[in-house]
Structures are given as structure tokens and as C-alpha cells.
Amino acid sequence: MSMRRTTTVRRTTVAAAMAAAFALALAGCGGDDGGDAPSTGSANTSAPASPSPEDKGEQQDDTAAGDDVDPNAKLAEARGQNGLTLVINQVKRDSGGFVTVQGVIKNGGDSTQNTSNWVGQESVLVAKNPNSVAGATLVDKSGKKNYYVLRDTDGRCLCTTAIVPLSPGDSASVFMQFPAPPQETTEVDFTLPTFATTSLKISG
């Protein structure tokens, strides 16, 4: 593994650990819509994150909540600009009331790609979550509702942040946590800025 790729994995791991801590800190805050949520629909959640290794004084692995994610699983693929692809490995509904999406973004092109556009255009997200996947959304078409990446009261997302530019052949593991749609909703559309929309089936 190259030094650049190792750095990407380490930064992703740190971001994942921070995100799990944010979810725990949000326990008991607000209702379903989040009293302090911005108008975009990104909301605080009353659901704590699943127990993670750092809660036990251990280092968290390269997944959002310490779950084992099969890197060979390919639930969906979204093509991005300039040779980028996003492969979704897991879409899981957790008992705490949120959905975690995990995947890998790979640069299959012939030039280094910046990661700054994936945060979206909302000023708070851009300021608090540079080079992140905070701009991702889930759309429940049957329920006619959009779901945005969860964030804490300071505007920091429950998602992978500080993703370094991807050189040709490099990849970055990413995760995003959203408020969970109703239990009867098992399929949603997923969108990340600069990538095509793809349909995801929710497990759990």
C-alpha cells in the first residue's frame, strides 16, 4: 500500500471514530426532525451510535461503527466525473434510528482528482467538513422525503472527512450516516455531488 493510500485510510479511521463519538453526544437531543436542524433537513438525532471500539479504549477499524464490511460486496455503483467511481459495500439500518452507508471511491482516471466538491454547497457543511462526503443525500420517493447526512450541533457531519486528493489508482473508504426512513421503506435513491444517482436497498 502506498504512503498516500495509507494516509487516506488513517484519516478515514479518525473521522469514523469522531463521528461515532458525535452520535453518542447527540443521544437524547431533539425529536425526529431535530430542533436545532437547519432547513435543509440535516438534523440532530436522539439515537446513539452503535457501541464502537473506541468506547472500550480500543482503536476503531476502518468502518463507521466498527462493523465488518465486505470490501468485495458491490450493492451499487455510481459513476462520477473524470474516471471516479463509488462502489457501495453496505447500506444498513441500525436499531438506534439511523442508516449507515459505506463504500469506496476509486480514481480510475489518469489525473489526480480533488475531493472538495463532495461536501455540497451548504456554507456550514463546507466550513466545518472540508473534503468530506457531507453533501450526500437519500431520497425516499414513496414517502416523498429527503434525508441528509447527520451532523452535531457544531455542524460537523457524521461522515468521512479530510479526504486527500486521489491520485490515479488510489481509493478512499467512506461512510455516511442518515436519519432512518420508516421501517417499511426498503429502497432509496442515493446521491453524492458529482456522482450519478443510484438506487440502494436498505438491510436490517
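I looked up Glu77 and found it partly exposed, at 29% relative accessible area (buried is under 20%, exposed over 50%, partly exposed in between, with a 1.4 Å probe and protein chains only). The model is predicted: local features need pLDDT of at least 70, side-chain atom pairs count only at pLDDT 80 or more, and totals for chains, interfaces and linings use all residues. Residues are numbered from 1 along each chain as its sequence is written, and side-chain values use heavy atoms, with hydrogens and water left out.

I then searched for salt bridges (a side-chain nitrogen of Lys or Arg within 4 Å of a carboxyl oxygen of Asp or Glu). The whole structure has six. Glu77 meets Lys74 at 2.7 Å, N to O, and Arg79 at 3.4 Å. Lys74 is exposed at 54%, and Arg79 is exposed at 58%.

I also checked Asp189 and Lys141, which form a salt bridge at 3.4 Å, N to O. Asp189 is in strand E7 and Lys141 in the loop between strands E4 and E5, so the pair ties together parts 48 residues apart in sequence.

Next I followed the strands (DSSP runs of at least two residues, numbered from the N terminus). E1 (residues 76-79) pairs with E2 in the antiparallel sense over four bridges; pairing needs at least two DSSP bridges. Glu77 stands opposite Val87 in E2. E2 and E3 (residues 98-107) run antiparallel, joined by nine bridges. Nine of the 10 residues of E2 (residues 84-93) are buried, so E2 is largely enclosed by the rest of the structure.
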